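Here is a short briefing on a two-chain model.

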Amino acid sequence: MKPVQVRGEVLGIKQVGAYWAMTLVAPGIAEQTRPGQFVAIAVGGPETPMLLRRAFSIHAVRETGIYGGTVEFVFAVHGKGTEWLSRLRQHDSVDVVGPLGRPFALPREPAHCVLVGGGYGAAPLFLLADALRARGCRVDFVLGAATGDRLFGALEAKRMAASVAFTTDDGSFGQQGRVSDVLPDVIARTRADVVYACGPMAMLEAVSRIAAEAYDGAGIPAQVAVEEAMACGVGVCMTCVLPVIGDDGETRMVRSCVEGPVFAADRLRWDALGTVPLDAVGAAAMGAH
Amino acid sequence: MADLTTRLAGVEFPNPVFTASGCAAAGQELDQFFDVSSIGGVVTKSIMLEPRSGRPTPRMAETPSGMLNSIGLQGPGIDAFLQRDLPWLEQRGARAVVSIAGGSVDDYAKLAGRLRGAPLAMIEVNISCPNVEDRGQVFACDAGGAAAVVSAVRKAVASSIPVFAKLSPDVTDIVAVARACVDAGADGLSMINTLLGIVIDTTSLRPVLAGVTGGLSGPAIRPVAVRCVWQVHAAMPEVPILGMGGIRTGLDALEFLLAGASAVSVGTVTFHDPSAPARVLAELRQALDERGIERLEDIIGLAHRPPVLTVPEEPDPPGDEPEPIPTARPVAFEDVR
C-alpha cells in the first residue's frame, strides 16, 4: 500500500446535523482504503496562508463509480481551514493525500465487536462495521455526543448493527450520560470479544479502562483511533507523537499518523498523554536541552 | 533546457533543490510521493549521539503563512541512523546531506567522527543548539561558539566532504557569525534556521506550545532568509550558500539563487505538499527556460550586479519609425463659481 497525492474533485457536500460530509472523487485512494485510515487535505487554495494539512478519517469509499473511486469524510467547522472546506461546492477541487495511517486490525475468526464512537469520531466506524460484518462478526454500536445534533451516523448504525445504544450529555437523544456509562452493560449483554473506539481522548481512555476490566477483570482487547493534531500526516514533521509501549516493553514517542492513528488500547501510556514519560526512550537525553 | 548543475565546495550536484533538515525525516516517507534521488540531495533531520524522545506536545502551532515548532530534535541517535537510514538513502541512489546536532563541541566532534567513511555527500552542522557547557548559550548566536563547533567538525571529517554550518537569523550581525564559521574551516553556509517565536492561545490564555517557544518557519520568513543570504554573499561572494527559509515555488527558489545561494532547501512547505521538492525543481527549470538562462551557475548572486541596459544589436529597420505621438485638442473650461 502506498498513499497517493491527487486533486480530488468535490462530488458532493452536505450538512449532517452539526457536521459536514464531503465526498471527493479521488482516484487511487478509495481502492486502497482500509477502515481507520485517513486523508490529509490542503485547505485554503493555491496561495493559502494555512500550511498545515487537515486530517480526516475516511467515513466511506466507493471503489468504482461513474466518476472513479470516491472517498467521504466528515468534519466540524472548528477554524478557518474547516470553514474554507465547508464553503467548497460540487466540482471544486482540493489537494488530497491518502489513504494514510495504520488501519483497525480485524479478527481472524468471527467475533462479537462493540464499536464506540464519540461525536463525529464515529465516522470511521462504519467502514469498519462493513468489514467486520463481511467476516461474519456481530456488530453492536455505542454512539455518544454532547447533544443529539452532534450524534453522528445514528441511522446508519441502526441499519448495520445488531443493536445501538445512544447517549447524550444533555439527554436530548438516547440515554443521558456518557458512552462509558452504558458500555459495560453492552459488553456483557452482547458477550463482546473486542471493542473498537474513535473519539476524544478522554472517551478513549474510559473505553480502554472498561475493556480492560470486562468479564471481572479478565479484560478484552480494545483498539482506539486517536485524534492527534498533525501538520503533515505523512510522517515527516514529528508533531503528532504519543507515548506508546512497544513490543519490547519500552515506551517511545511514536507518530500517530504513521504508527497510528489506531493503537491497541493497552499500548498507550494513558497516564502520560501530553507528556514525555521519564522512562521513555530518549527522555534522559532531553535533560541537557 | 537549462543546465541545472551546481557545485557546493567542489562537490557537484545534478540540480540545486534539496530537502531541508527536519522537514523530510531521512527521505523514506517522501519517496512515496516523488523519487528522492531526482532532487539535488536529501538533507536529513539533525541527528545526535543518543536517541532523543523530543519534547511534550503540543509541538506545533499554525501561524500566518508559517508554523511554529518545538519538536526538540526527536531522533533515533547516530547508531540507528548509520545502521538504518543512511544505507537506505545510499541504496536508493539519493545524495545524502547529513545534519548533525550536539550539546557540546565534543558531541559534534564525536558525531563527525562516526560519519567518517559513511555514504554521504556533505555534512550540515546544526549549530542552533544550546551549549550545555556555556550556560545554554546557543552556538549559532555566538561567533566564538559557532567557530569552535565548526573547527572540531572540520578536523574530524575527511577533507573531501564539505562541511556547511547552518546559521540562525536570530543574531545582530549574521555576517560576523558567517565569517567566524568560514575562518574556522566551514566550506559553506546553510541559511537560515528558524526564527524564535511564541504563540499564545487566547482561549486557554497560555502559550500554545508545551515548550513555550518554537522555531518559526514557512513563507512568512522568506524575506528574512533572502536578506541573510544577500548580506553574507555580498560580504563573502566566494563562499557557497545553501539557502532556505519559506521556499514554496520555483520562483521562490530563484530568488535565493539570485541573492547568492548556490542551492536551496525546501522545508516547511513539504508538510503542505509532500511532493514540493520535486515540484519546486520542475518550476525552477521552467522559470530558467522562460528567462533564457542556460546555466544555473550564471545566475548565482546575479541580483547583486547592477542592471544591464539592453542595446539593440542593429538599428531599427527603415519603415518601422514610431507613429507620431497624437496631441490632444485644447479644452476650455466653464467658469465655476
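The model is predicted.

**Helix pair α6 and α8, chain B**

- Helix α6 covers residues 250-259 of chain B, and helix α8 covers residues 276-290 of chain B.
- Their axes lie 7 Å apart, and the packing angle is about 70°.
- Angles of 65 to 115 degrees count as roughly perpendicular, so α6(B) and α8(B) are roughly perpendicular to each other.
- The crossing of α6(B) past α8(B) is right-handed.

**Helix pair α4 and α5, chain B**

- Helix α4 (residues 174-183) of chain B and helix α5 (residues 222-235) of chain B cross at roughly 55°, and their axes come within 9 Å.
- That angle makes α4(B) oblique to α5(B).
- α4(B) and α5(B) cross in a right-handed sense.
- From α4(B), the residues I174(B), V175(B) and A178(B) meet C228(B), Q231(B), V232(B) and A235(B) of α5(B).
- The contact of α4(B) with α5(B) has six nonpolar residues, one polar residue and no charged residues.

**Helix pair α4 and α5, chain A**

- In chain A, helix α4 spans residues 179-190 and helix α5 spans residues 201-217.
- The two axes are 10 Å apart, at an angle of about 25°.
- Angles under 35 degrees count as roughly parallel, and α4(A) and α5(A) are therefore roughly parallel to each other.
- The crossing of α4(A) and α5(A) is right-handed.
- On the α4(A) side, V179(A), S180(A), L183(A), P184(A) and I187(A) take part; on the α5(A) side, M203(A), A206(A), V207(A), I210(A) and A214(A) do.
- These residues divide into nine nonpolar, one polar and no charged.

**Helix α2, chain A**

- Which residues of helix α2 (residues 125-134) of chain A are buried? They are L125(A), F126(A), L127(A), L128(A), A129(A) and L132(A).
- An α-helix has 3.6 residues a turn, so residues three or four places apart point the same way.
- The cover over the buried residues of α2(A) includes the chain A strands β4 (54-62), β7 (112-118), β8 (138-145) and β11 (194-198).
- Helix α3 (154-160) of chain A is also included in that cover.
- G136(A) follows α2(A) and has a positive phi, near 85°.

**Chain A domains**

- Chain A is divided into domain 1 (4-100), domain 2 (112-225) and domain 3 (241-284).
- The centres of domain 1 and domain 3 of chain A, taken over C-alpha atoms, are separated by 29 Å.

**Chain B overall**

- Chain B has eight helices and 18 strands.
- The C-alpha trace of chain B spans about 85 × 55 × 40 Å along its principal axes.
- Of the 337 residues in chain B, 55% are buried.
- Among chain B contacts with a separation of 6 or more, 71% join residues 24 or more positions apart.

Note on methods
Residues are numbered from 1 along each chain as its sequence is written. Chains are lettered from A and ligands numbered from 1 in the order in which they are written. This is a predicted model: local features need pLDDT of at least 70, side-chain atom pairs count only at pLDDT 80 or more; totals for chains, interfaces and linings use all residues. Axes are lines fitted to C-alpha atoms, for helices over the stretch in contact, and angles run from 0 to 180 degrees between N-to-C directions. Helices (H or I, at least four residues) and strands (E, at least two) are DSSP runs, numbered from the N terminus. Angles under 35 degrees count as roughly parallel, over 145 as roughly antiparallel, 65 to 115 as roughly perpendicular and the rest as oblique. A crossing is left-handed if the near helix is turned anticlockwise from the far one by less than a right angle, and right-handed if clockwise. Two residues are in contact if their C-beta atoms, placed from the backbone, lie within 7 Å. Ala, Val, Leu, Ile, Met, Phe, Trp, Tyr, Cys and Pro count as nonpolar, Asp, Glu, Lys and Arg as charged, and the others, Gly among them, as polar. Domain bounds come from an automatic or database domain assignment. A residue is buried if 20 or more other C-beta atoms lie within 10 Å of its own, exposed if 12 or fewer, and partly exposed in between; C-beta atoms are placed from the backbone.
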